[in-house]
Amino acid sequence: MANPISRTWRKLFYQDGGCHFQLPKVDSAFPEPPNEGPFGDAGPQALGWFNRLTNNGRVATPFFYTIIGVILAILTVLEVWLFTLSDDFGAFFVPMMLLLAIAKFVIVVAFFMHLRFDKNLLSLVFASGFLLAIAVFMIVLSVQDKVNPSPLIAP
Amino acid sequence: MAQAAVTQNQHGHIADTNTGISNRKLLMWVFLASDCLFFGSFIATYLVYRNESLVGPYPNEVLNIPVTSVSTFVLLMSSLAMVLALNYAQKDRAGLARFWLLAVAALGLVFLGFQVVEFMTFVDEGLTIHQNLFGTTFFILTGFHGLHVFVGVLWLLGMAFAHFKGALTSRSTEDLEMAGLYWHFVDIVWIVIFTVIYLIGFSDGEGIETISHATAIIGG
Amino acid sequence: MTTIAFPTLISRPTSYTGLWSWIGTVDHKRIGTLYGVTAFLYFLVGGVEALILRAQLAQAESDLISPELFNELFTMHGTTMVFLVVMPMSAAFFNWMIPLMIGARDVAFPRLNAFSYWTFLFGSIFLNLSFFLGGAPDAGWFGYANLTGNTYSPGDGVTFWALGLTTLGVASLAAAFNFVVTILNMRAPGMGLMKMPVFVWMSLVTSILIALAMPIIAVALIQLALDRVWDTNFFNPAAGGDPVLWQHLFWLFGHPEVYILILPAMGIVSETLPVFSKKPLFGYPAVVLAGAIIGFMGWFVWSHHMFTVGLGPAANAAFAVSTMLIAVPTGVKIFNWIATTWGGKLQLNTSMLFSLGFIAMFIIGGLSGVSHASPPTDAQQQDTYYIVAHFHYVLFGGAIFGLFAGGYYWWPKMTGKKLGEALGQWHFWVMLVGFNLTFGPMHWLGLNGMPRRIATYADGMGWEMSNAIASAGSMLIAFGVLLFIINIIRTISSTQESEDDPWDARTLEWSIPSPPPAYNFARIPQVKSLDDFWYTKHPDLLHDERGEEIEVGEPVENDTHGGGSIHLPGMSYYPFITSLGVTIGVAGFMDILVEVPGTNIQFPWLSAVGIVIGLWGLMGWTFEPVSEEGGH
């Protein structure tokens, strides 16, 4: 019970009464109970970890960055491993790969490039360029019939 | 009434700005947003020409995923080294900062070495920029990325040797931050290239002979 | 800051007069003047090219010039007017006015600003050198593939075009980054985004558009240059290359480019109309928002240039809808301008006349534009003189008229003297009549089927009369420009000084002496409301116009830990050297490569020379302290 993983596990999946998720005990003294929701206080608790590692979201520690680096490495290994199984996934392969790439992209941008810690304006600037690129080039690809290529052999 | 300070270039102290972001950092981010469109255009060109090559070699014949995975990993770890260098610089630990900075440059050079070997192997296997659309789009896209890495390496080495001789100042830490932003951007472009061109695009070319033959008949 | 001794080989310029002071200048006002003068000279070059074209087309079956020269001239006329006239002329106003209007002492990166100008100058010279080095580009200003390939354009012209425009792209990008940062970061205290003058807003939108659109054309041009020099296959149909890809990349840039050209002019008239109507701008938030929406929607309409390519009914319908929608924010702006003049005490001087001319001509051009937003109509109009008429109404009647309005409006600010009013009025009316005579008949020519880009036409097509009128009109435009030049010369040689604020204007640039001192503002102004300076001058109007309490700002005391003096960034030669290196580096990719022995790699040796020069410039740039006294 003391270890945080089992504690989080219990918070997430412990059945209490007839519900699938643990519902917070509502007391008349607390008309608006904190951390209401399906995940209990798992979110704030994770945030607590995040804040401890990053000095309340300002400057992170080398340890924090190393964890991020390890996560990125794991994602890359996962990507290559899934690639070796690509035939098993059929149509799901491409979206899965893209999701993993987006995850890596977002992690690098948010933590290594400090957008998570910086002014929101910088996120806006970068996102506008990046999302615009995705939008217009997706239009180009769809107009050029490259998103869902039509069958090459005409009937 | 709180009023924003307006000093500009007053004796080396960094002027307060309307947004609270230093001018150079804002410039860097606008540049990176702009560079998104630059690489976006090259990647879009690659994708428009996917499976359009009329002759081989095709991606599945030349791409070497294990080797590129290693170089991808090297570049990813250089990003980690970069962020550590900046972190130590911000904590005024010049020695460690310089060590990690040189590590970034070294990893960058290793990545470039991988790329040179890859290019030479491909040329030996008959894939050149003249050979087919795959060769043209692949070499120019990854070549421009390599050029960005090369510029980054020069930048980092220049900073490691010229900038970090004396004590760290807030200005040189900010210099390092700029170089770091650029370096991480180069890394995320490679994240996209590795997934889209290597992993997803690897199977391009399987059975392409029949398809391009059919296209030629239809007049596509 | 730690200053590292570094052998930089040349010393910092010190004199504030003479040629070297201009080469080493980092003052935004001087750089603005350089931009303006250069752009005006190119306006004359592009104008002469147009006059030769009109002389050739004045009568049927004319053989004044060869078809080859005709191709080169219309290509260079378009390229010059877009990239070497309207964009740098807008940049001239950006440079001059943005720091003054937001109450700053310079732009955010003065040396980067100098770099932009010199790169623009060298790139434009390189582009025009093609006339003397084996023929100018001759594939049209949008250089459609595969006409631009080695097969159909064997000379060096198109390579000059691709590399020259790449260089100009570098210049525009550097300038755009600089202005975005300047506008976001360097505003006077209290000047929130919604208290900025509309011109500054429109420059912000324009700069963002440049920053995001230029990389796309740079990629397309790099691909084209590689195709031509290194025989790659990007646009080579024999290897499966798709010329339509060029069109996508070009117009993805090209349509935001249209707004890059027109938004600065829209900003200018949004300044002049309130001043000369003695009323605040009607619906300031709507005008600003419409500008921003135009900037955003401008990204999603590009394929209306490609309706006849055969992209399919779904794509054509979608782009037709988005094209018609973008007329809405444009209409919002026009109605706001009209409402601004409504009931005002109009001063019909030259600047105001050009502003009103802008609105009228832009409405005509806008309406003909909406007419080919519909694919079936466009199929009829594509590549005819109707299109030529349309974009001259928006770019000449729109952008150039707007820039003239700005020129007459800000001339006293920039030089301390007013341009002659009588000659100015003549200039406007001659120009307006000449403009409509030239481009009005082209609507009929186009609907009668006269194609663009033909060197001559057969007798008896029914096109002779309209063409003759158009050519006569073009002479009238030339006469109008001549009047403008005479006006400038007379103004410069006259001794009559203007007051600091001759128009009783509304924005901050008029609160300082004309011409402004090098440091612009002796005390940085503080802003509390839109048109703060106007309400400072006319406190009695505060309640009449707004009906609510408005505060006006007091200038801020100088930060005195520099001993009370104002520090300006020092001059530097390094931007000039870096620009030279960049231009040589890009230009060196011409067909003068040497083969590396033992391989078949074509090595661009001149590029290597340029890169070395550029690196030297960058090193000096990095290690030179920002200002002489700065290193302590």
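A residue counts as buried when its relative accessible area is under 20%. The legends below apply this cut-off to a predicted model.

**Figure 1. Leu483(C) in helix α14 of chain C.**
Helix α14 of chain C spans residues 464-493 and holds Leu483(C). Because its relative accessible area is 9%, Leu483(C) is buried. Beyond its neighbours within four places in sequence, Leu483(C) is in contact with Leu423(C), Trp426(C), His427(C) and Val430(C). The view also takes in Met431(C), which lies 52 residues from Leu483(C) in sequence, with 9.6 Å between the two C-alpha atoms.

**Figure 2. Thr323(C) in helix α9 of chain C.**
Thr323(C) belongs to the helix that runs over residues 313-341. With a relative accessibility of 9%, Thr323(C) counts as buried. Its contacts, apart from those with neighbours within four places in sequence, are with Val301(C), His304(C) and Ala373(C).

**Figure 3. Asn236(C) in the loop between α6 and α7 of chain C.**
Asn236(C) counts as partly exposed, its relative accessibility being 28%. When neighbours within four places in sequence are left aside, Asn236(C) is in contact with Asp227(C) and Gly241(C). Asn150(C) is 86 residues away from Asn236(C) in sequence, yet their C-alpha atoms are 9.5 Å apart in space.

**Figure 4. The largest cavity of the structure and its lining.**
Seven cavities of 30 Å³ or more are present in the structure. The largest cavity has a volume of about 210 Å³. Its lining comprises 18 residues, of which Met87(C), Pro88(C), Ala91(C), Ser172(C) and Ile210(C) are the closest to the centre. Three helices of chain C, α3 (67-102), α5 (157-185) and α6 (198-229), each contribute at least two residues to this lining. By class, the lining has 14 nonpolar and four polar residues, and no charged residues.

**Figure 5. The interface of chain A and chain B.**
At this interface, 42 residues of chain A are in contact with 52 residues of chain B. The two chains bury about 3,900 Å² between them, and 83% of that area is on carbon and sulfur atoms. Two salt bridges are found across the interface. Chain A contains six helices and zero strands, while chain B contains seven helices and zero strands. Buried residues make up 32% of the 155 residues in chain A; in chain B, 60% of the 220 residues count as buried. Among contacts between residues at least 6 apart in sequence, those joining residues at least 24 apart account for 42% in chain A and 81% in chain B.

**Figure 6. The salt bridge between Lys25(B) and Asp118(A).**
Over all chains, the structure has eleven salt bridges. The pair shown here crosses between chains: Lys25(B) is in helix α1 (residues 23-48) of chain B, and Asp118(A) is in the loop between α5 (93-112) and α6 (120-143) of chain A. The closest N and O atoms of Lys25(B) and Asp118(A) are 2.8 Å apart. Lys25(B) counts as buried at 12% relative accessibility, whereas Asp118(A), at 21%, counts as partly exposed. Glu177(B) joins Asp118(A) and Lys25(B) in a network of salt bridges.

**Figure 7. Two salt bridges within chain C.**
Chain C has 18 helices and two strands, and 62% of its 632 residues count as buried. In the salt bridge between Lys29(C) and Asp27(C), the closest N and O atoms are 3.3 Å apart. Lys29(C) is buried, with a relative accessible area of 5%, and Asp27(C) counts as buried at 17% relative accessibility. Asp504(C) and Lys537(C) form a salt bridge whose closest N and O atoms are 2.8 Å apart. Asp504(C) counts as partly exposed at 22% relative accessibility, and Lys537(C) is partly exposed with a relative accessible area of 28%.

Key. Residues numbered from 1 in each chain as written. Chains lettered and ligands numbered in written order. Predicted model: local features only at pLDDT ≥ 70, side-chain atom pairs only at ≥ 80, totals over all residues. Heavy atoms only, no water. 1 Å grid on protein atoms, 1.4 Å probe; cavity = no way out; pocket = protein on both sides within 12 Å on 5 of 7 lines; lining within 4 Å. Points joined across faces, edges and corners; volume = space filled by probe spheres on them. Helix = DSSP H or I, 4+ residues; strand = E, 2+ residues; numbered from the N terminus. Nonpolar A, V, L, I, M, F, W, Y, C, P; charged D, E, K, R; others polar. Buried < 20%, exposed > 50% of the residue type's maximum accessible area, 1.4 Å probe, protein only. Contact = heavy atoms within 4.5 Å. Buried area = accessible area lost by both parts, 1.4 Å probe. Salt bridge = Lys/Arg side-chain N within 4 Å of Asp/Glu carboxyl O.
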